[in-house]
Amino acid sequence: MVALHLSEESRERLGKVMGTTRDIVHYSWIPFILYLGWASTSTKPNFVQLLSPFPSA
Amino acid sequence: MSEASSSTQSSSGFNLGQLSKALSPIKSLVSQGELNKENDADHGGFWSSNPIFQFVNNVATTISSHRQSLDLINPGTMENLNKEVEKDVFLTQYEFSGLRADLSKTFAMKPLFQVSHSFSTGGKSPAYAFAGMFASDDSFIQGTIDNELSLTGRLNYAWNKSNISKVTLQLAAGQPPMCQIEQDYQANDFSLNFKTLNPDFSGASFNGVMVGSILQSITPKFALGMETAYSAMQPGMPGDAGISLVGRYNNKNWIASAQLQAQGALTAAFWRKVSDHVEAGIETTLQASYQPVMSSMMTPTMQAVLDADTTIGAKYEFRQSIYRGQLTSNGVASFMLEHRILPTLGLTFTASIDQLKNTSKMGLGLQIETAGSEDVMMMQNGLVDADGNPVPGAPQMA
């Protein structure tokens, strides 16, 4: 199998980068979906309309 | 057709046609009339005039034209091998316990944009979950986050009609993350799938799971496939590899599939459309394993153990409701009723009883759909269809 043979230091750095990426993905995934959806609708619902479960039309 | 090929056809019942001629090393052995006519056009460039490449090109075109003459269709994906039984008829996937309410709000239909809030109590699902979904022609992105901040995400992107990339994520605070990257390729008569789970190349050796599978149509109804998996989950430990073999026969109103897994499990499933609204399915799993058992002398010995499980189920589809029932060989009877009371209001009831363990569980769910825009509201009430055109016969708004 392929292996990169990284040094201990760079492995540690890679681990930190992966951890930060994970946190960014964790907390931006849902906002990203909401942004994509908001940008695609013609009505451009506001923040409260977007998050409330009640009908807004 | 020449004499040679017609005699082959009658003797073996299998028509190799042009293939036999192209594969023949000495061209004069078989009549060349048709072959020469086809090739006259490409005499010219180096790549087609060179006799070796000409031969290779010939073989390639005859194989592909022969393959097209077989009228094969795409066999579907490995994931959906026994979809009709496990995902359509059986209710195991949809079962829940306790009370549940889903309030989903649709903002647009094209592209689809929907958010939903789920509340649950008394069951295993989290008390509150928020989900968002966006789907356009080529991409699909979905995410669910619950009150414990654990996220489940899914992203599909279709590069073209036959190539789809998929990413599945599961992130929870204090738990190892799960990330699966998948590539699906669906050609005219076969499907390829590669996926990897938590790949890590940074260590001394690869760490994670890799799976590759192919499913190939042999006849228009019959498909055979193979899956290879390599998994190395613990660093320093050698990885495991295994091959699974699968087969699927689809005869429109009945489908049979079988799967022989590397760990020694054999799964066979049969699905049948009984009538327009009734489907039935049965699935049997045989699992052979090597386990320690107490012998009569009270000393633990290793012994081969064969476990078998059978599930039989049926699904009835009515105009406004779906009813599913199933019975397993270990004594669990369960049923589920999904009923749409209004176009925007649905009710789900599920119950199961384990006769041998004397336990039971029950679930009641409510699905409410609301609209985030006027267009969607008109559609949900049956006034316009998904394209925004008025539905004939529906009362029109002033």
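This is a predicted model: local features need pLDDT of at least 70, side-chain atom pairs count only at pLDDT 80 or more; totals for chains, interfaces and linings use all residues.
**Entry 1: B:Phe134.** Not counting residues up to four places away in sequence, B:Phe134 touches A:Ile33, A:Leu36 and A:Gly37 in chain A, and B:Pro111, B:Leu112, B:Phe113 and B:Ile141 in chain B.

I note the conventions here: residues are numbered from 1 along each chain as its sequence is written, and chains are lettered from A and ligands numbered from 1 in the order in which they are written. Local features need pLDDT of at least 70 and side-chain atom pairs count only at pLDDT 80 or more, whereas totals for chains, interfaces and linings use all residues.

**Entry 2: nonpolar cores.** I took a core as a set of buried Ala, Val, Leu, Ile, Met, Phe, Trp, Tyr and Cys residues joined through C-beta atoms within 7 Å; buried requires 20 or more other C-beta atoms within 10 Å of the residue's own, exposed 12 or fewer, and partly exposed lies in between. The largest core has 14 residues, and B:Phe134 is among those that touch the most other members, as are A:Ile33 and B:Phe113. I found that α1 of chain A and β1 (98-108), β2 (112-121) and α7 (374-380) of chain B each supply at least two residues of this core. A second, separate core has eight residues, including B:Trp271 and B:Met336.

**Entry 3: the A-B interface.** I recorded 27 residues of chain A in contact with 31 residues of chain B. On the chain A side, α1(A) gives the largest share, 12 residues. By class, this side has 18 nonpolar, seven polar and two charged residues, where Ala, Val, Leu, Ile, Met, Phe, Trp, Tyr, Cys and Pro count as nonpolar, Asp, Glu, Lys and Arg as charged, and the others, Gly among them, as polar.

**Entry 4: chain A overall.** Chain A has two helices and zero strands, assigned as DSSP runs (helices H or I, at least four residues; strands E, at least two) numbered from the N terminus. Its C-alpha radius of gyration is 20 Å, well over the 10 Å from the globule rule for 57 residues, so chain A is more spread out than a compact globule; the rule is 2.2 Å times the number of residues to the power 0.38. Buried residues make up 11% of chain A.

Entry 5: I checked β5 (151-158) and β6 (163-171) of chain B, which pair in the antiparallel sense over eight bridges; pairing requires at least two DSSP bridges. B:Tyr157 stands opposite B:Ser165, and four residues lie between the two strands of the hairpin.

Technical notes:
Two residues are in contact if their C-beta atoms, placed from the backbone, lie within 7 Å.
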